[in-house]
Amino acid sequence: MADDNIVLEAKNITKQFPGVLANDHVNFDLRKGEIHALLGENGAGKTTLMNILYGLHKPDSGEVFVNGKSIVIHSPKDSIQAGIGMVHQHFMLIPVFSVAENVMLGDETTHLGMLDIRAVSQRLQELSKQYGLEVDPSAVVGQLSVGAQQRVEIVKTLYRNASILILDEPTAVLTPQETDDLFRIMRQLTGRGVSIIFITHKLKEVLAVADRITTMRAGKVVGTVQPKETNEAKLASMMVGREVILTVQKEAAHPKEEVLRVEDLHVLDDRDLEVVNGVSFEVHAGEILGIAGVQGNGQTQLAEALTGLRPTKKGKVIIAGKDLSGKPPRPIIETGLAHIPEDRQRHGLVLSYTVADNMVLCNYYLPPFARWGVIQQEKVDENARKLIKDYDVRTPSPYVPTSKLSGGNQQKVIVARELSRDVKLVIASQPTRGLDVGSIEYIHKEIVIMRDRGVGVLLISAELDEIMSLSDRIAVMYRGQIVVVVDARQADREQLGLWMAGAHVEAV
Ligand SMILES: Nc1ncnc2c1ncn2[C@@H]1O[C@H](COP(=O)(O)OP(=O)(O)O)[C@@H](O)[C@H]1O
Ligand SMILES: [Mg+2]
């Protein structure tokens, strides 16, 4: 190895999954004490590369070196041994156990029951202090905030003596303030010699925290740059392979009559906990009301209740003047609702149906698609061909099952179907989650077009940037309640972040 500062190197890694080349001769290295960001759109191959480094996938070809030595990684055991720790996109903690118990669990070097939990707790306290992690070893994990659970995952890797830390999209679940905290912790760690691979698709974040930035696209490394020699626009075009517009172009809204009125709505989740807790608001024709909030504050259940997918416990839902409280989806849709659901595979599509059939999922039984109870296939086909063209859906034909399309194109099928109908209200839940920058840009434009056509839009998103760039008014949801509604033109990112984290709302 020429550079002895390099602690980890992946050379020529290739990994093929059925139908997709997830890693195509990827080279990547990590220097001691640096934060090396791995940037890329959804599906670019970032997690695959990390799973290979962590021993969860075996590469088809390629080599991994740790401190200059070639190593063979069969399982996470081998990578932990080599000093690699990984914090996954979805945490792997047991909620009913304490922090210390979670850390001990599955640790090859300790034997649960034999080892003194006090000794573990003490070591955790030391680590926590040393790295500014603020982790209480005796706290029950399920009672911790998401940010604190993430710190537990980090301290768990340190406990196992990791000196190379992989963080896979760690900020996806955090508020802006928690993100700042994480960045502070990351710098403390690198200051003490830990080397970090930081995965994200957010341009601002890599510019804020990374020492080097490597961008991947479609399984390949596009290039490695330093923050000072790049900017958001350059990074975005590396990610997407073309120039992209990052801001949403829109004129001032001209709100008209009320199209959605929600009064004192209460909704239970699957465990019968009341997660929507007396919510009231209204949406007018020609405006976009954005609901900001960290995932898991009742937004999912609110959207499901408004669209008839989940029963309401109490309260009213009035769409276009019609009381539809507690009604199932069909009468709600017929009143003039378009719905872009959060769980597109479960609520948005029938994956085994063709693209053409999915495009008439809510009106196949109505003219012109059906006459005298008979499906008019040529009308269904005509509709599909038009929407595929208008909404730029990339599909080999209208007759392939939607399961064969990429996530972005599946979402475009839903958007095409929903936004091409004559509706009064659009409810869009996480409409661009997991999509590439190009598709995000496209869907944002379509939402603004709907608004300008006089449709009311309720936008629910955990991406604060999306809420801020699209909304005319912004409501913040926290623990099942709308804690504040502000005019988007006066909204301040910092302040919204604080409210999302539960800060007290002064009169606004
Ligand atoms: N276990 C798997 N089986 C089949 N395909 C997979 C698997 N894991 C990832 N892929 C595919 O590999 C590609 C890269 O995925 P991934 O590494 O998760 O991307 P990223 O983390 O950059 O979003 C995607 O097309 C994805 O669908
Ligand atoms: Mg990933």
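Is Asn12 buried, partly exposed or exposed? Asn12 is partly exposed, with a relative accessible area of 39%; here buried means under 20%, exposed over 50%, and partly exposed in between, with a 1.4 Å probe and protein chains only. The model is predicted, so that local features need pLDDT of at least 70 and side-chain atom pairs count only at pLDDT 80 or more, while totals for chains, interfaces and linings use all residues. Residues are numbered from 1 along each chain as its sequence is written, and side-chain values use heavy atoms, with hydrogens and water left out.

**Helix packing**

- Two packed helices are described by the angle between their axes and the distance between the axes.
- Helices (H or I, at least four residues) and strands (E, at least two) are DSSP runs, numbered from the N terminus. Axes are lines fitted to C-alpha atoms, for helices over the stretch in contact, and angles run from 0 to 180 degrees between N-to-C directions.
- Helix α5 (residues 146–159) packs with helix α6 (residues 176–191) at an angle of about 15 degrees, and their axes are 11 Å apart. That makes α5 roughly parallel to α6; angles under 35 degrees count as roughly parallel, over 145 as roughly antiparallel, 65 to 115 as roughly perpendicular and the rest as oblique.
- In this contact (heavy atoms within 4.5 Å), α5 contributes Gly147, Gln150, Arg151, Ile154 and Leu158, and α6 contributes Glu178, Leu182, Ile185 and Leu189. The residues of the contact of α5 with α6 comprise five nonpolar, two polar and two charged. Ala, Val, Leu, Ile, Met, Phe, Trp, Tyr, Cys and Pro count as nonpolar, Asp, Glu, Lys and Arg as charged, and the others, Gly among them, as polar.
- Helix α4 (residues 117–130) packs with α5 at an angle of about 110 degrees, with their axes 10 Å apart, and this makes α4 roughly perpendicular to α5. Val120, Arg123, Leu124, Leu127 and Ser128 in α4 meet Val155, Leu158 and Tyr159 in α5. This contact of α4 with α5 has six nonpolar, one polar and one charged residues.
- The axes of helix α14 (residues 407–419) and helix α15 (residues 437–452) come within 11 Å and cross at roughly 10 degrees; α14 and α15 are therefore roughly parallel to each other. Among the residues in contact are Gln411 and Val415 of α14 and Tyr442 and Ile447 of α15.

**Nonpolar cores**

- In soluble globular proteins, nonpolar side chains tend to be buried together.
- A nonpolar core is a set of buried Ala, Val, Leu, Ile, Met, Phe, Trp, Tyr and Cys residues joined through side-chain atoms within 4.5 Å. The largest has 49 residues, and those with the most contacts inside it are Met359, Tyr391, Val426, Ile474 and Leu496.
- A second, separate core of 45 residues includes Ala37, Leu174, Met186 and Ala236.

**Backbone features**

- Most residues other than glycine have a negative phi, and most peptide bonds are trans.
- Asn12, found in strand β1 (residues 6–17), has a positive phi near 55 degrees.
- Arg479, in the loop between β21 (473–478) and β22 (481–487), has a positive phi near 45 degrees. At 62% relative accessibility, Arg479 counts as exposed.
- The peptide bond from Pro367 to Pro368 is cis, with omega near 5 degrees. Pro368 lies in the loop between α12 (355–358) and β17 (370–371).

Note on methods
Chains lettered and ligands numbered in written order.
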